[in-house]
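Biologist: Hi! Could you walk me through this one while I have it open on my screen?
Modeller: Happy to, let's bring it up.

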Amino acid sequence: MEQLDHTLAAIAAADTPDAVEALRVAALGKQGWVSALLKTLGAMTPEERLAQGPQIHAAREQVTATLAARKAALESAALEARLASERVDLSLPAPETPRGSVHPVSQVMDELAEIFADMGFAVASGPEIEDDWHNFTALNMPETHPARAMHDTFYFPDKDDAGRSMLLRTHTSPVQIRTMIMGGAPVRIIAPGRVYRSDSDATHTPMFHQIEGLVIDKGIHLGHLKWTLETFLKAFFERDDIVLRLRPSYFPFTEPSVEVDVGYTLVGGKRVIGGGGDAADGGWMEVLGSGMVNRHVIAAGGLDPDEWQGFAFGTGVDRLAMLKYGMDDLRPFFDGDQRWLGHYGFAALDVPTLSGGVGVQAGGVRA
């Protein structure tokens, strides 16, 4: 069959898959010549069908086999060419596969620990279920202090062996008392951790995070406190233009007590920490409370207040994270939304360092 020989030659000469497909349609498609021959079998006499039928079916099978072989040969050649031109450099590191991220609160706690460790502070911890002596009495809070009220504190129905009421700690300050009792003086610690208060609205949650600092030594004064806080805030916000304003205040466990404000400026309608708060486009924002440790607190820690003195300070970790990383709502911190964490989270290897920058995400989710 002349048409068969022509088709087989054309298939052998086809150099692309598209050309092979065009030949398949021309021969085996609905309008193809092989299909046309198959349709003529119905109009033939039995003798003609017996004579020509095997030839027509053989032609179809030969065309089909030749098409398949040519298609396989072209695909194999394309694969060989691709393998020859595309090489994998096995010396390159494998791409990082995201497997979750570090919560901003955990990251900021690491940043704070790194900063204060450079200033000689150790990290101390204590129980989250406390007794009212360590949580209130030892910190110079009398029985009538409003912080002891049920509407502020989560109390347990049971008491400890000494008959003291048990509660979820309302601050990390009990760690200061435990550290002084167990280790004596001098003391230089920070106490980060979870705390609990019966308070919940758009700006408060029943559980949040605090970090407190305590320095007990001889000859400590407010100048040491101001230098420590200024050094800490400059390192944390990674700015040298941090300006502090100390305002007189009252806390039972410090005397004198000061609220610490930091200056900010408005940039694009958002607060940016840095600069003097008295500028026309700026203001002051309270970031922490502090003061000289009250004599009664030092005595409760088993130390002689005539020999030892010091300062203490405390701030909210969640709020620091919001100020530094531009978060405008506290509630998503505890919602467990993977989308929020994917946006604000940190890669596990983004370990804060003073040399690399405590806020740098080198290859992290937020890079």
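**Salt bridges and a covered strand**

Modeller: Let me begin with Glu230, which counts as partly exposed at 23% relative accessibility. Keep in mind that this is a predicted model.

Biologist: Okay, and which residue forms a salt bridge with Glu230?
Modeller: That is Lys226, with the closest N and O atoms 3.7 Å apart. Lys226 is partly exposed too, at 35% relative accessibility.

Biologist: How are Lys226 and Glu230 placed in helix α8?
Modeller: They sit 4 residues apart in α8 (residues 222-237), so about one helical turn separates them.

Biologist: Got it. What does the side chain of Lys324 meet in a salt bridge?
Modeller: Glu238, at 3.9 Å from N to O. Lys324 belongs to helix α10 (residues 317-325), while Glu238 is in the loop between α8 and β7 (244-251), so this pair ties together parts that are 86 residues apart in sequence.

Biologist: Is Lys324 buried or exposed?
Modeller: Lys324 counts as buried, because its relative accessibility is 17% and the cut-off for buried is under 20%.

Biologist: How many salt bridges does the structure hold?
Modeller: There are 17 salt bridges in the structure. Some of the residues involved form a network: Glu130, Asp131, Asp160, Arg164 and Arg178 are linked by salt bridges.

Biologist: Nice. Within that, how far apart are the closest N and O atoms of Arg164 and Asp160?
Modeller: In the Arg164 and Asp160 salt bridge, those atoms are 3.0 Å apart. Arg164 is partly exposed, with a relative accessible area of 28%, and Asp160 is partly exposed as well, at 22%.

Biologist: Switching topic to strands: how many residues of β6 are buried?
Modeller: In β6 (residues 207-217), 9 of the 11 residues are buried, so the strand is mostly covered.

Biologist: Which way do β5 and β6 run, parallel or antiparallel?
Modeller: Antiparallel, and 10 bridges join β5 (residues 187-196) to β6. To find the pairing on screen, look for Val187, which stands opposite Ile216 in β6.

Biologist: And how many bridges are there between β6 and β11?
Modeller: β6 and β11 (residues 309-316) pair over 8 bridges, in the antiparallel sense. Here you can look for Glu212, which has Gly314 of β11 standing opposite.

Biologist: Great, thanks for the tour!

Technical notes:
Residues are numbered from 1 along each chain as its sequence is written. This is a predicted model: local features need pLDDT of at least 70, side-chain atom pairs count only at pLDDT 80 or more; totals for chains, interfaces and linings use all residues. Side-chain values use heavy atoms; hydrogens and water are left out. Buried means under 20% relative accessible area, exposed over 50%, partly exposed in between (1.4 Å probe, protein chains only). Helices (H or I, at least four residues) and strands (E, at least two) are DSSP runs, numbered from the N terminus. Two strands pair if DSSP finds at least two bridges between them. A salt bridge is a side-chain nitrogen of Lys or Arg within 4 Å of a carboxyl oxygen of Asp or Glu.
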